[in-house]
Amino acid sequence: MATQTTCVLSGEFIDEYLNDDQRNYRLGPGIRRCADRVVAYKTGVLHCNPITQLCWVDCPQKRYQPVKGEHVIGVIASKIQGGDVYKVDIGASSHAMLNYLSFEGVTKRNRPNIQLGDVVYAELSVANKDMDSELVCVNTAGKSEGRGLMTGGLLFHTSLNLARKILDIDCVLLKTLGAAIPFEIAVGVNGRVWLNVEGTLQMIAVMNTILACEYRNNNEITAMVKQLNHALMTSS
């Protein structure tokens, strides 16, 4: 069974590290199927998330590789096909496509007000190395559930490893930060974070705290958030 300390090498068959349930999980970055075997094509730490039912290899890399079902944050780069489809920069080797009908409550007469440079939080509905990736801002029931255009706030970049760490159910960062400071946040696995906090000083403080968490454990993160809260209370 895969644990947080299961390290794999590129080209290694990893079936022996997966239990019966994990063998049915979707394969994320760093893993692919070879005939009836599962093989790693990157060197790193093997992770298996029972909530999203996804297995992937966590390794240092700068460019995001799209995976179907993952949530990403992108920036509207251009319009094509008369404005019906938008090209979105998600930090991958090519832009992803986003149709204006992929938003909640949108019809041909009621179009969303999308401008170049807008930030969007979306899910990858198509991710194939031979095709353009496609994004949607609704689930199968047509509900946004937090997806869509992100207004206001601040967009900043993190490493891919930090983005996945923040989203991990065992990471205490967002929980401890939320208990200290009210904020809104959306984290894309492509290494982009949208943050909205009242006050410039608080915004910068929360952003720097998030960026400083990459190589800290939960105890160190909790202590750092306490120090942040104390500093903000002293300065106010």
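This is a short tour of the structure, stop by stop, with something to select at each one.

**Before you start**

The model is predicted, so local features need pLDDT of at least 70, side-chain atom pairs count only at pLDDT 80 or more, and totals for chains, interfaces and linings use all residues. Residues are numbered from 1 along each chain as its sequence is written, and side-chain values use heavy atoms, with hydrogens and water left out.

Helices (H or I, at least four residues) and strands (E, at least two) are DSSP runs, numbered from the N terminus. Two strands pair if DSSP finds at least two bridges between them.

**Stop 1: a hairpin and the aspartate beside it**

Select residues 31-34 and 37-40. These are strands β3 and β4, which run antiparallel and are joined by 4 bridges. Look for I31, whose bridge partner in β4 is A40. The two strands make a hairpin with 2 residues between them, and A35 in the turn has a positive phi of about 60 degrees.

Is D15 buried or exposed? D15 is buried, with a relative accessible area of 13%; buried means under 20% relative accessible area, exposed over 50%, and partly exposed in between (1.4 Å probe, protein chains only). Its side chain and that of R37 are joined by a polar contact of 3.0 Å. A polar contact is a pair of N or O atoms within 3.5 Å; within protein, one must be able to donate a hydrogen and the other to accept it, and residues adjacent in sequence count only if both atoms are side-chain atoms. A polar atom of the D15 side chain also lies 3.2 Å from the backbone nitrogen of V38.

**Stop 2: strand β6**

Next, select residues 44-49 and 54-58. Strand β5 (residues 44-49) pairs with β6 in the antiparallel sense over 5 bridges, and L46 stands opposite V57 in β6. β5 and β6 form a hairpin with 4 residues between them, where Q53 in the turn has a positive phi of about 55 degrees.

Bring in β2 as well: β2 and β6 pair in the parallel sense over 2 bridges, with L54 as the bridge partner of R26. Because 4 of the 5 residues of β6 are buried, this strand is largely enclosed by the rest of the structure.

**Stop 3: the loop between β11 and β12**

Select C137 and R147. C137 lies in the loop between β11 and β12, and R147 is in the loop between β11 (134-136) and β12 (148-150). C137 is buried at a relative accessible area of 1%, and R147 counts as buried at 12% relative accessibility.

Which residue meets the side chain of R147 in a polar contact? Show H71: the two side chains make a polar contact at 3.3 Å. C137 and H71 are 66 residues apart in sequence and 9.6 Å apart in space, C-alpha to C-alpha. Leaving aside neighbours up to four places away in sequence, C137 touches several residues, including L98, F103, Y121 and R147. Contact here means heavy atoms within 4.5 Å.

**Stop 4: a three-stranded sheet**

Move on to residues 154-157, 184-188 and 192-196. Here 3 strands form an open sheet in the order β13-β15-β14, with antiparallel pairing. The edge strands are β13 (154-157) and β14 (184-188), each pairing on one side only. β14 and β15 (residues 192-196) pair over 5 bridges, and R192 in β15 is the bridge partner of G188.

**Stop 5: helices α1 and α3**

Select residues 160-167 for helix α1. Its buried residues are L160, L162, A163, R164 and I166, and the buried residues of α1 pack against β6, α2 (173-180), β14 and α3 (200-211).

Then select α3 itself. In α3, M203, A205, V206, M207, T209 and I210 are buried. The buried residues of α3 pack against β13, α1, α2, β14, β15 and α4 (218-235).

**Last stop: the cysteines**

How many disulfides does a search of the whole structure find? The search finds 0 disulfides, a disulfide being a pair of cysteine sulfur atoms within 2.5 Å. Select C213 to finish: it is in no disulfide, and the nearest cysteine sulfur, that of C171, is 6.8 Å away. C213 is buried, with a relative accessible area of 1%.
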